[in-house]
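Work through the exercises below with the structure at hand. Each task is followed by a solution in steps.

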Amino acid sequence: MFDRYQAGEQAVLVHLDFPDESTREDLTEFKMLVSSAGVNELTVVSGKRSSPHPKFFVGSGKADEIAEAVRLFNADVVLFNHSLSPSQEKNIEALCQCRVVDRTTLILDIFAQRARTHEGKLQVELAQLRHISSRLIRGWTHLERQKGGIGLRGPGETQLETDRRLLRERMINIGKRLAKVERQRQQGRRSRTRAELPTISLVGYTNAGKSTLFNVLTKSEVYAADQLFATLDPTLRRIELEGVGGVILADTVGFIRHLPHDLVAAFKATLTETREAQLLLHVVDISDDRRSENIEQVEHVLSEIGADEVPQLVICNKIDSLDDIEPRIDRDDQGRPIRVWLSAQANIGIDLFFTALMERLGNEIVEHQLAIPPKAAKLRGILYQLNGIKNEYYDDQGICFIDIKLPKREWDRLTKHEDNELDRYIVN
């Protein structure tokens, strides 16, 4: 579809410092993005500007410097740590005679590499198509006008218009397929709601250690690596918490500064698990110097997807990378856990995490003694399945006296299922 220069893996990186914090990017993070994409960094061209140049984004002198670096290092691609307009990309490509990729396209490419599930691939493709649709003009400058004359009059649609129509049709098709997947997800959520299983969602900045913590908690082997966007496809597992019962733990995609809007829109179905969770575990890399800014970015994305009102428990991860930091629980004025300091990689403070989690999720505990006759022996089996029996004994008439201890939500679900028959067996 595109008449472009062949992309490669040898890249010249471009980074500008702006005084406005809202447009400022982090060079170290950008290098991690480049590494995560499998691209080799040749050199970095950096500079300062008060505002982007309308033609090249950088100044004309800096643009010549980038072109010279491309020739000097024989680079295949120029990667910008900023979002460029289609015309800016086109102008720099013409000057450097190689492909130019901005930050948004780079992130989309990483997502495309990481997608494994059918849904994930569809979401990434939809985001890419939305992004490409504004850049079609670059590939068809030689076909912008219809040809005229005898034998050359077309049906009234230029090649550019044809491609735009094909893109729209493909985007509509993907949207329908994603809607079907979302209906399936909603059915799964309804099943969990009927079973009254609370959902806990791991959120946080990319590479904060969410998947490592997920593996520790669930004894799973979800892919975890020291790179950006190691996790893309959501993973759900059931875990059992003492005093709480079964809960669903969801590992989600990491957020990043200036996450492309096309990605946020495409992944809204996946992020529904986050929006409808009963508790968010906000994982923070406490060893990162920009942790405060990272927290702000995560809060911003949570607000975008409508999850900013969901209760949070902050997980201060990677304390093993700092000196004189011991695992602990921070509490608010009411004594409720609000932060847990731990290291998932080093398995430090995990017991404190479970303590905090049980306090945040634990409902009122119900304790009763039941006198169950032989005809209701099935009820005894159900209580054993719920791990709610603490003690039991039989009298001479064969009546089983059981001491139970259950979370209130489990007790309420059981009484509802048994049509309040349980109330007849309560001794005290």
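Helix axes are lines fitted to C-alpha atoms over the stretch in contact, and angles run from 0 to 180 degrees between N-to-C directions. The model is predicted.

**Exercise 1.** Determine how helix H7 and helix H11 are oriented to each other, and describe their contact.

Solution.
1. H7 spans residues 210-218 and H11 residues 350-361.
2. Their axes lie 12 Å apart and meet at an angle of about 80 degrees.
3. Angles of 65 to 115 degrees count as roughly perpendicular, and H7 and H11 are therefore roughly perpendicular to each other.
4. On the H7 side, Leu-213, Val-216 and Leu-217 make the contact; on the H11 side, Ile-350, Phe-353 and Phe-354 do.
5. Sorted by class, the contact of H7 with H11 holds 6 nonpolar residues, no polar and no charged ones.

**Exercise 2.** Is Lys-219 buried or exposed?

Solution.
1. Locate Lys-219 in the loop between H7 and strand S6 (235-241).
2. Exposed means over 50% relative accessible area.
3. Lys-219 has a relative accessible area of 75%, so Lys-219 is exposed.
4. As for its distance to Ile-239, 20 residues apart along the chain, the two C-alpha atoms are separated by 9.5 Å.

**Exercise 3.** Which residues of H10 are buried, and how are they placed around the axis?

Solution.
1. H10 covers residues 291-304, which is 14 residues.
2. From first to last C-alpha, H10 reaches 20 Å, close to the 20 Å expected at 1.5 Å a residue.
3. Asn-294, Gln-297, Val-298, Val-301 and Leu-302 are the buried residues of H10.
4. These cover an arc of only 140 degrees around the axis, so they sit on the same side of H10.
5. After H10 comes Gly-306, with a positive phi near 80 degrees.

Key: Residues are numbered from 1 along each chain as its sequence is written. This is a predicted model: local features need pLDDT of at least 70, side-chain atom pairs count only at pLDDT 80 or more; totals for chains, interfaces and linings use all residues. Side-chain values use heavy atoms; hydrogens and water are left out. Helices (H or I, at least four residues) and strands (E, at least two) are DSSP runs, numbered from the N terminus. The expected span of a helix is 1.5 Å times one less than its number of residues. Buried means under 20% relative accessible area, exposed over 50%, partly exposed in between (1.4 Å probe, protein chains only). The arc is that of the directions from the helix axis to the C-beta atoms. Angles under 35 degrees count as roughly parallel, over 145 as roughly antiparallel, 65 to 115 as roughly perpendicular and the rest as oblique. Contact means heavy atoms within 4.5 Å. Ala, Val, Leu, Ile, Met, Phe, Trp, Tyr, Cys and Pro count as nonpolar, Asp, Glu, Lys and Arg as charged, and the others, Gly among them, as polar.
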